[in-house]
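Please keep the sequence and the three-dimensional view at hand while reading.

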Amino acid sequence: MKKTIIGAIVIVTVVIGVSGGLTAYFLLTNELSEFQDFELGLGDWVIDRDVPMDPNNPGHEVNWSVTRVENASRATSGTHSLKLFIDGRQDDGVIWIEKSFALKANKQYRVTISFQFYCGAESFNIITQVVGYCNTTNPEVEADLIEGLLGSGEQALEWKEYNRTLIVRTDTDGILWIAVGMSVVWETEISHFIDDLLIKVK
Ligand SMILES: [Ca+2]
Ligand SMILES: [Ca+2]
């Protein structure tokens, strides 16, 4: 009788152990993690923007650029980061990088976006809004990114980490789009930097 009970306990323990292991394996294999430190390039990230036309330069957009730059004092890892520049004198414009992630269709995911954002000028005025977007559609215009606004970009003299965790459900094509960048609120010419972008999906 004792042996039977011990045997049953061993079997139950083994089953729990194996299923626990399988669960852990399942979670691991379903977890997607991506880190971009901009040391070697932009990877698969693509530059996009929605900016106004420049009234002082008809037929042209206001000056803007999103570039990978080498400047160790503007990097939290290595020597490179992403520089976001825009002439915000029209009080408008959003610039960002975006990437699509192929996942399972019609499935709920927990997405975490985090990155370092360099301001360089702490201010009571909100000059920029930091963007951290995740949704099933490719962001194309300013209105698409409103749900991804993470607050003022002028909260720290130098670097500040911005992050966001959200639950999002894929639709039939299983694609999630993630974008990070900045939106202009106040008129000025602005340069900010992003480094160490970490995406986790599970
Ligand atoms: Ca870096
Ligand atoms: Ca886009």
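**Strand 11 and its partners**

In this predicted model, strand 1 (residues 32-36) and strand 11 run antiparallel and are joined by five bridges. Within that pairing, Phe35 has Leu198 of strand 11 as its bridge partner. Strand 11 is also joined to strand 4, again in the antiparallel sense, and here the bridges number six. Leu84 illustrates this second pairing, for its bridge partner in strand 11 is His192. A further antiparallel pairing links strand 11 to strand 6 (residues 108-118) through seven bridges. In this case Tyr118 stands opposite Phe193 of strand 11.

Strand 11 itself covers residues 189-201, and Glu189 belongs to it. Is Glu189 buried or exposed? Glu189 is exposed, because the number of other C-beta atoms within 10 Å is 11, and a residue with 12 or fewer falls in that class. Leaving aside residues up to four places away in sequence, Glu189 touches Asp87 and Gly88. The C-alpha atoms of Glu189 and Phe85 are separated by 7.5 Å, although the two residues are 104 residues apart along the chain.

Asp196 also has its place in strand 11. Its phi is near 50 degrees, a positive value in a residue other than glycine. Asp196 counts as partly exposed because it has 19 C-beta neighbours inside 10 Å, whereas burial requires 20 or more.

A second residue with this backbone feature is Asp91, whose phi is positive, at about 60 degrees, although Asp91 is not a glycine. For context, most residues other than glycine have a negative phi. Where is Asp91 found? Asp91 lies in the loop between strand 4 (80-87) and strand 5 (94-102). Asp91 is exposed, since 11 other C-beta atoms lie within 10 Å.

Attention now turns to strand 7. Why is strand 7 (residues 128-135) largely enclosed by the rest of the structure? Seven of its eight residues are buried, so the remainder of the structure encloses most of strand 7. Strand 7 runs antiparallel to strand 10 (residues 175-184), and eight bridges join the two. Among the residues involved is Tyr133, whose bridge partner in strand 10 is Ala179. Strand 7 also pairs with strand 8 (residues 149-152), in the antiparallel sense and over two bridges. There, Val131 stands opposite Leu149 of strand 8.

These pairings belong to an open sheet of five strands, which has the order 2-5-10-7-8 and antiparallel pairing. Its edge strands are strand 2 (46-50) and strand 8, each of which pairs on one side only. From one strand to the next, the twist averages 20 degrees. In a regular strand, side chains alternate between the two faces of the sheet.

**The chain as a whole**

How many helices and strands are there in the chain? The chain has two helices and eleven strands. Read from the N terminus, the elements follow the order α-β-β-β-β-β-β-β-α-β-β-β-β. The contacts of the chain can be described by their separation in sequence. Among contacts between residues at least 6 apart in sequence, 79% join residues at least 24 apart. The chain comprises 202 residues, of which 29% count as buried.

It remains to consider the confidence of the prediction. The mean pLDDT of the chain is 88, and 85% of its residues reach 70 or more. Over residues 9-28, however, pLDDT stays under 50. For residues 9-28 the model has one contact beyond four places in sequence.

Note on methods. Residues are numbered from 1 along each chain as its sequence is written. Chains are lettered from A and ligands numbered from 1 in the order in which they are written. This is a predicted model: local features need pLDDT of at least 70, side-chain atom pairs count only at pLDDT 80 or more; totals for chains, interfaces and linings use all residues. Helices (H or I, at least four residues) and strands (E, at least two) are DSSP runs, numbered from the N terminus. Two residues are in contact if their C-beta atoms, placed from the backbone, lie within 7 Å. Two strands pair if DSSP finds at least two bridges between them. Axes are lines fitted to C-alpha atoms, for helices over the stretch in contact, and angles run from 0 to 180 degrees between N-to-C directions. pLDDT is the predictor's confidence in each residue, from 0 to 100.
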